[in-house]
Amino acid sequence: MFAVSDVPLLALSLTFIAAVAAFYLTRLNRRVGEYFSLSIVTLVLLLVFSMYPAILRGEILSSNYQLFSIPLSINFRVGALSFYMAAIISALWLLATVYSWGYLAHSHAHDRYYAFLLLVFAGNLGTVLAGDLIGLLLFFEIMAVGSYILIVHEEDETAMFAGAKYLYMAVGAGLGIFFSVIVVYFLAGDLSLGQSGMISGVSGLSLASFLGFLLGFGIKAGVFPLHVWLPDAHPAAPAPVSALLSGVMLKIGVYGLIRIFYDVYGLNYIRALGWNKITLVIATITILLGSALALRQDDLKRRLAYSSIAQIGYIVLGLSLLTEQALAGAVFHIFTHAVMKGCLFLCAGAIIVQTGKRKISQMKGIGYQMPLTMICFTFASLSMVGIPPFNGFITKWYIGMGALACGEPFYVILLIISSLLNAAYYFPIIIAAFFAVSSSEKEAVKDAPVNMLIPVIVLGIFTFVFALLPEHLPLQLARAVSHGLFNGF
């Protein structure tokens, strides 16, 4: 019998084995492979949520498996942050898998697609469930390299160029993290996470390791100036992959930064040396640059890609302010952005499949052609801008309060400017879709197929529904994560 602490190993073993099986089953029969892949993701989601009662009691689920030589043992450690990340990853992966059935109905290489969809799923889960830096690096590399195959799925010139740029950057990210892991082991003699600071002494090596981590996880998160792969990869990838890249995989970079701040160096160490000022500058430029460049894009998916850069800036900002409220906002925005941007990219994919239109300038009246899709797009856009009661407002409220708590009102002004920029590049799409059209221009094009529409509707509802309930469960969990990190448990 498996104990609850064995759930990470069970879930990952199942997913890795299923990735191989999915390749052959899909090759034999596409529909069988699709149902098999969906069943595996659903089962893993249930396994992840089976850990929730223990997490709710404040337990830390840890297990160690001596499958490799020291220090390459497999060590899992699941606390509130790891569970929070794993739940978001599994839920969005489930919706993207359902969506893929309709989106890829007339595509090619289904066997390869579903095999790597499961492999990358396992890599993402392993990264957030790992209990030490070696495991985190191992699964990070699986996720990063496996994602290349999903990005180049279309195999056209655009996809291959975007994939090559992504792959070189991903290799660089892995090398940066690898260098820093070696340095941390040399300085601390340990790589276990959850210690509230492994390094105590100040040296050039400790700074070098911090910068190496910042390089590696910053590339994956897509922060300035390491964002250059992102605007090409998102438009080139299939829409469900774009949703996962933005909604999940960018957050792996942010998750790594959270672990580095709180587990490797510790809050007091970072604050004393002022290293958070580096990431504050990066966050500010990332927010403004991403928003400014999004305004210039006519390709819908490219605009969404630049918007993702700006949104990641919010999370880095909340982390860098070093206050509990700001961190709660940053952690909550991991959920918020996964829902918002997952919805927007899936909406974009539905529009492309149903109408063939990619340009924003071509989307006049699209709200009448695809009403349900564009209503969900509107919900996600309003959340992006930060209008209450949508999730985006809650994020900005907590980060803003955290900025005031540490005497930095400038960042409240930054959030307001960013919201105005969000409105400037999302509202014109909504206005053109529903209002800037005459009755003669209202073409009758039916909405997306049901297996594409259901994930879109679910994510659209998730942008606000929790705020209407007596208890906002994702926000409560984000606050619990923040409180635990600040208090060292």
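**Exercise 1.** Is E155 buried, partly exposed or exposed, judged by its relative accessibility?

*Solution.* The model is predicted, so local features require pLDDT of at least 70 and side-chain atom pairs count only at pLDDT 80 or more, whereas totals for chains, interfaces and linings use all residues. Residues are numbered from 1 along each chain as its sequence is written, and side-chain values use heavy atoms, with hydrogens and water left out.

Step 1. Recall the classes: buried means under 20% relative accessible area, exposed means over 50%, and partly exposed lies in between (1.4 Å probe, protein chains only).
Step 2. E155 counts as partly exposed because its relative accessibility is 42%.
Step 3. Locate the residue: E155 is in the loop between α6 (133–151) and α7 (157–188). Helices (H or I, at least four residues) and strands (E, at least two) are DSSP runs, numbered from the N terminus.
Step 4. Examine the backbone: E155 is not a glycine, yet its phi is positive, at about 60°.

**Exercise 2.** Determine where L322 lies and whether it is buried or exposed.

*Solution.* Step 1. L322 is found in the loop between α13 (300–320) and α14 (324–355).
Step 1. L322 has a relative accessibility of 6% and therefore counts as buried.
Step 2. The phi of L322, which is not a glycine, is positive at about 60°.

**Exercise 3.** Describe the surroundings of S206.

*Solution.* Step 1. S206 belongs to helix α8 (residues 204–221).
Step 1. Because its relative accessible area is 0%, S206 is buried.
Step 2. List the contacts (heavy atoms within 4.5 Å). Apart from residues up to four places away in sequence, S206 touches L187, I199, G201, Y265, Y269 and W275.
Step 3. The side chains of S206 and Y269 are joined by a polar contact of 3.2 Å. A polar contact is a pair of N or O atoms within 3.5 Å; within protein, one must be able to donate a hydrogen and the other to accept it, and residues adjacent in sequence count only if both atoms are side-chain atoms.

**Exercise 4.** Which residues are in contact with A350, leaving aside its neighbours within four places in sequence?

*Solution.* Step 1. A350 lies in helix α14.
Step 1. With 0% relative accessibility, A350 counts as buried.
Step 2. The residues in contact with A350 are Y99, M370, T373, A448 and M452.
Step 3. Consider Y99: A350 and Y99 are 251 residues apart along the chain, and their C-alpha atoms are separated by 9.4 Å.

**Exercise 5.** Why does the radius of gyration of the protein chain agree with that of a compact globule?

*Solution.* Step 1. The radius is taken over C-alpha atoms, and the globule rule is 2.2 Å times the number of residues to the power 0.38.
Step 1. For 489 residues a compact globule would have a radius near 23 Å; the protein chain has 21 Å, so the values agree.
Step 2. Among contacts with a separation of 6 or more, 79% are between residues 24 or more positions apart.
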